[in-house]
Amino acid sequence: MKDHVHERIGFREIDEHGNAVPAVSPHVPQQPDPTRRRSAVNPFIVVLWVLDAALTIFGLWAFSEATAGMAGPTQINTSPQLSFMLMSYTPYVLLGSLLLTAALLFWHAVQWQKKRPSPTSAA
């Protein structure tokens, strides 16, 4: 007697990392795994590193422009309004850049920790 509900019941094995191993049925020959190439670089993390570098460069440029504008009337290209805006936003840009750098380094540390085997306790 064939029952669709009971045909789907099967055992799942897991490997030492907790990943599911595909179930093997004695009635169906095992299909070869298609070779799937995974990229070693996460494109979202690359974009975040580029954004972080841009924020840092912009923040340092804005700080130097704002302080040069406040030095005296020798600065012709920078208006007082632009200097005020740059000086107002520069601390937040630099803080955002610092927090983004810390978050990205934390993410890299977590990824590195996942790739390393966990030490087994001898207790």
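What follows is a short chat about reading a predicted model.

Reader: What should I know about the ground rules here?

Author: This is a predicted model, where local features need pLDDT of at least 70 and side-chain atom pairs count only at pLDDT 80 or more, while totals for chains, interfaces and linings use all residues. Numbering runs from 1 along each chain as its sequence is written, and side-chain values use heavy atoms, with hydrogens and water left out.

Reader: How many helices and strands are there, and in what pattern?

Author: Helices (H or I, at least four residues) and strands (E, at least two) are DSSP runs, numbered from the N terminus. Here you get three helices and two strands, in the order α-β-β-α-α along the sequence.

Reader: What share of the residues is buried?

Author: Buried means under 20% relative accessible area, exposed over 50%, and partly exposed in between (1.4 Å probe, protein chains only). In this protein, 11% of the 123 residues count as buried.

Reader: How many aromatic pairs are there?

Author: Phe, Tyr and Trp rings (for Trp, its six-membered ring) pair if their centres lie within 6.5 Å; planes under 30 degrees apart are stacked, over 60 edge-to-face, and the rest tilted. By that rule there's one aromatic pair. F58 and W61 make up this tilted pair, 5.8 Å centre to centre with 35 degrees between the planes.

Reader: Where do F58 and W61 lie?

Author: Both sit in helix α2 (residues 43-70), three residues apart, which is about one turn of the helix.

Reader: And what is the relative accessible area of F58, and of W61?

Author: F58 comes out at 39%, so it counts as partly exposed. W61, at 41%, is partly exposed too.
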